[in-house]
Amino acid sequence: MSKTLGRALVAVLLLLAGTLVAAAPAQAVATTPALTNIRTGLNPGFDRIVLDLSAGTVPGTLSYQLVDELTADPSGEIVWLTGEYFINVSAFALVAHDANGNPTYTGPQKFRTRNLANVMAVALTGDFEAHTSIGIGVRTRTAVNVFTLTAPNRVVIDVAH
């Protein structure tokens with residue numbers, strides 16, 4: 001291979017590599033959704049809590065734990081909530097604030113749910129480093145199901161009666 005042809009080939013490869021590197025961030029950008037509302041509803045056999053989210057990628061990690069007490073994230077202080085037992089639900093990546101630190105969920109930080117069979121109260125217990133947690137006070141320990149739905153984005157928490 002001649003020197004000129006080799007240089008031309010290297011130049012083309014560098015140009016292609018630069019194009020691929022420039023295009024990769026645009027395709028890899030994933031936006032973290034923000035919590036915008038918390039709704040509750042009574043259904044046959046279960047109480048439902050819905051966390052409405054803004055546009056973006058739905059949280060990739062959802063988990064829940066039955067706990068003796070709820071704590072605020074990141075302070076670790078006890079969150080007092082009505083209930084005999086407690087469920088801590090956490091979602092990553094999900095925030096409850098905008099880029100300027102202003103809350104995107106402007107509803108009550110905790111509220112009672114008098115119209116539900118098992119769920120007695122709900123609280124926003126954490127919003128730290130794209131990790132949002134919700135505390136739920138219940139009458140009885142029972143089955144819990146946590147999942148996401150899209151169009152529109154939301155996290156759904158079903159608590160059996």
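**Entry 1: a strand pair.** I began with E1 and strand E2 (residues 46–53), which pair in the antiparallel sense over eight bridges. Strands (E, at least two residues) are DSSP runs, numbered from the N terminus, and two strands pair if DSSP finds at least two bridges between them. Across this pair, Gly-41 stands opposite Arg-48 in E2. I reminded myself that strands of a sheet pair through backbone hydrogen bonds, either parallel or antiparallel.

**Entry 2: ground rules.** I am reading a predicted model, where local features need pLDDT of at least 70, side-chain atom pairs count only at pLDDT 80 or more, and totals for chains, interfaces and linings use all residues. Residues are numbered from 1 along each chain as its sequence is written, and side-chain values use heavy atoms, with hydrogens and water left out.

**Entry 3: the sheet.** Which strands does the open sheet hold, and in what order? I found four, in the order E1-E2-E11-E10, with antiparallel pairing. Strand E1 (35–43) and E10 are the edge strands, each pairing on one side only. On average, neighbouring strands here are turned by 15 degrees against each other, direction ignored; axes are lines fitted to C-alpha atoms, and angles run from 0 to 180 degrees between N-to-C directions.

**Entry 4: the cores.** Next I looked up the largest nonpolar core, which has 24 residues. Such a core is a set of buried Ala, Val, Leu, Ile, Met, Phe, Trp, Tyr and Cys residues joined through side-chain atoms within 4.5 Å. Buried means under 20% relative accessible area, exposed over 50%, and partly exposed in between (1.4 Å probe, protein chains only). Among the residues that touch the most other members are Leu-35, Ile-49 and Ile-136. E1, E2, E6, E8, E9, E10 and E11 each give two or more residues to this core. Apart from it lies another core of eight residues, including Val-67 and Ala-72.

I then followed Ile-136: leaving aside neighbours within four places in sequence, its contacts (heavy atoms within 4.5 Å) include Ile-49, Tyr-85, Val-119 and Ile-157.

Entry 5: Most residues other than glycine have a negative phi, and most peptide bonds are trans. Where are the cis bonds here? One joins Phe-92 and Ala-93, and another joins Ala-151 and Pro-152; omega is about 0 degrees in each. Ala-93 sits in the loop between strand E6 (85–92) and strand E7 (110–112).

Ala-151, in the loop between E10 and E11, also has a positive phi of about 60 degrees. Ala-130 has a phi near 60 degrees too.
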